[in-house]
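Welcome, and thanks for taking a look at this structure.

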There are 2 protein chains.
Amino acid sequence: MATITRRAVLGGTAALAAGGRSALAAAPLTGRQVPGFYRQRLGSMEITILSDGAGNFPMPDGFVRNVSRDAAIAAAAEAYMAPAGHITVPYNATLINTGTKLVLIDTGNGPSPPGASVGLLQANMKAAGIDPASIDVVILSHFHPDHINGVKTEAGTPAFPNAEIMAPQMEWSFWMSSDSAAKAKTDMIRVRVVSAAKVLGDVAGRVTRFMPGKEIVPGITALDTPGHTPGHCSFAVASGAAKLFVQSDVTHLPDLFLRHPDWHVMYDTDAETAQRTRHRFLDMAAAEKAPVIGYHFPFPAVGHVEKQGKGYRLVPVAWNAVL
Amino acid sequence: MATITRRAVLGGTAALAAGGRSALAAAPLTGRQVPGFYRQRLGSMEITILSDGAGNFPMPDGFVRNVSRDAAIAAAAEAYMAPAGHITVPYNATLINTGTKLVLIDTGNGPSPPGASVGLLQANMKAAGIDPASIDVVILSHFHPDHINGVKTEAGTPAFPNAEIMAPQMEWSFWMSSDSAAKAKTDMIRVRVVSAAKVLGDVAGRVTRFMPGKEIVPGITALDTPGHTPGHCSFAVASGAAKLFVQSDVTHLPDLFLRHPDWHVMYDTDAETAQRTRHRFLDMAAAEKAPVIGYHFPFPAVGHVEKQGKGYRLVPVAWNAVL
């Protein structure tokens, strides 16, 4: 990485502007953010949250199905999302080094145009010193494109060439069935059936399907958290007495759906079930006082959940400068 | 930076443990955190918050002068500080590229032992691609050691060799006077008079003293926020219509003193004045809805302040993956 310092810029010139200040005295703006990875210990494990970036767009009509667009915009404004009327949706995958396995939960938006604000997982993984070829297991929480598309490279080859892919059996049955597109109630589902087939169809032989309620990798237990999608799973990660939860999309944006757990995000396949799952899951996380990683929480996407009024609040982790 | 991947480790061996798993199949834990810098735009300026790390230690007796140690510990526990009975104190300097000047506000704890969890400013500045020799101006908010000690290197030479140092006139008068140690009411003040003289005494000729209430660098106005120390200053940074505040130590740890603005941190020279300053400053920041950077806020140490009950709350910034 080239580092341009003011001195380097000054090296080639002694030009002074009329006012006596060098016109080139300014250090150039870097325009560069710190890499998006964040580490914390969990017992003898090492957890690395990997940002896939964030998208910012005008609040879609019906983003929250059961409240007005104005109410949704007001909640976004309370979280200082900008510009007015827009929302910011972050994406964060979780890498777990169990001590014997390197396990990646979800894979981000995948190949994206240069300069895009999403699709940053591979770059951030590289910055974190992790070779994609060293990933042993990729676990998919559910089959929405922002979670599975990173399974493939731009060229369509496996992005994690040595990894076993583990997917919820129910997700596979729902999204990979040729029936699902035909039976789909909405265009959103139809489009996603097609995209799931495109990403996972030709690597079916590398995919292990699992049922929730079991330890699917030593230290990682899949939890049945349906509603967002039929087979949507979350994960409990434990090492010794230490535990954390990877909630996947139980709660979408915390400023909207953690604060208002009865709001329904437009992406839910079965919003009523998702709502029940959300209360059950968040009540458990609050009772256990265990950190929760949320795929759509602002990076570093980990914090504690507490009950607050009729909803919940997220207490973001206090950043660790060193491990 | 060497990157050790599982494949690299495996390269030299084919040894398999009895269970059929390679004893060396585990990717080593990295033990390495992401560098502690965070950037955001402010109009045409670029703001870089630079972590100097964080210290964790048992809650000192009298840390909050006017409430019990138990009450202070309870507030720390509500913020999930760990282990029980400890507090974590973060340190964050602010670098401002105004477009014509590179300005650093405060300098961190300075030279620290290898492996220390503080004194990380220089390393994080390097990771951010900033050459210390390119800093044009160092502004000191006040003369406590965790803010000024980074002015010098381990060898006692200037850490920012080309920078003008700007310091509040009142701070200079109080801490650099040979009278102050003699008149000091507490050992804490006496010790700090000696340490200020050690750091700043021999570079007095490079120090410009300023009065608050003025724009001391184009775009940066010093604000009179006394109490924590006699000449303690905060800063308003403005570019076009965009504005933010660098509050320095108006509020120490937000989980204690923003939530409870009438609590007195043990480091205050005049706690009653500091309390009045805190309300005045935080009311202003809340009314202006401008982001506030806090030296002792958890990294990235920037957020919006809102009134909440009898106190305030901090809404941490939503992380920007790209600028």
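Two residues are in contact, or touch, if their C-beta atoms, placed from the backbone, lie within 7 Å. With that in mind, A:F235 touches A:I105, A:I220, A:T221, A:A222, A:L223, A:F245 and A:V246, leaving aside residues up to four places away in sequence. Please keep in mind as you read on that this is a predicted model.

**The nonpolar core**

- The largest nonpolar core holds 172 residues.
- A:F235 is one of the residues in this core that touch the most other members, along with A:V103, A:V138, B:V103, B:V138 and B:F235.

**How the two chains meet**

- Between the chains, 48 residues of chain A are in contact with 48 residues of chain B.
- On the chain A side, the elements that each give two or more residues are α1 (6-11), β1 (37-42), β2 (45-58), β3 (86-97) and β14 (311-316).
- Among these elements, β2(A) supplies the largest share of that side, with four residues.
- Sorted by class, the side of chain A that touches chain B has 24 nonpolar, 17 polar and seven charged residues.

**How the two copies are related**

- Two copies of a chain are related by a rotation about an axis and a shift along it.
- Here, chain A is superposed on chain B by a rotation of 180 degrees with 0.0 Å of shift along its axis, and the RMSD is 0.0 Å.
- Such a relation is that of a two-fold axis.
- Both copies use the same surface, since 100% of the contact residues of chain A recur in chain B.

**A sheet in chain A**

- Strands of a sheet pair through backbone hydrogen bonds, either parallel or antiparallel.
- Chain A has an open sheet of seven strands in the order β1-β2-β3-β4-β5-β6-β7, and its pairing is mixed.
- At the edges of this sheet are β1 and β7 (207-210) of chain A, each of which pairs on one side only.
- Neighbouring strands of the sheet are turned by 25 degrees against each other on average, direction ignored.
- The strands β1(A) and β2(A) run antiparallel and are joined by six bridges.

**Backbone spots worth a look**

- Most residues other than glycine have a negative phi, and most peptide bonds are trans.
- In chain B, the peptide bond from B:A82 to B:P83 is cis, with omega near -5 degrees. You will find B:P83 in the loop between α2 (69-78) and β3 (86-97) of chain B.
- Another cis peptide bond runs from B:F299 to B:P300, with omega near 5 degrees. The loop between β12 (292-294) and β13 (302-308) of chain B holds B:P300.
- A:D106 is not a glycine, yet A:D106 has a positive phi of about 70 degrees. This residue is in the loop between β4 (102-105) and α3 (121-127) of chain A.
- Is A:D106 buried or exposed? A:D106 counts as buried because 26 C-beta neighbours lie inside 10 Å, and the cut-off for buried is 20 or more.
- B:K289, also a residue other than glycine, has a positive phi near 50 degrees. B:K289 lies in the loop between α9 (271-288) and β12 of chain B.
- B:K289 is exposed, as 11 other C-beta atoms lie within 10 Å, and the cut-off for exposed is 12 or fewer.

Key
Residues numbered from 1 in each chain as written. Chains lettered and ligands numbered in written order. Predicted model: local features only at pLDDT ≥ 70, side-chain atom pairs only at ≥ 80, totals over all residues. Nonpolar A, V, L, I, M, F, W, Y, C, P; charged D, E, K, R; others polar. Least-squares fit on C-alpha atoms with pLDDT ≥ 70 in both. Core = buried A, V, L, I, M, F, W, Y, C linked by C-beta atoms within 7 Å. Pairing = 2+ DSSP bridges. Axes fitted to C-alpha atoms, helices over the stretch in contact; angles between N-to-C directions.
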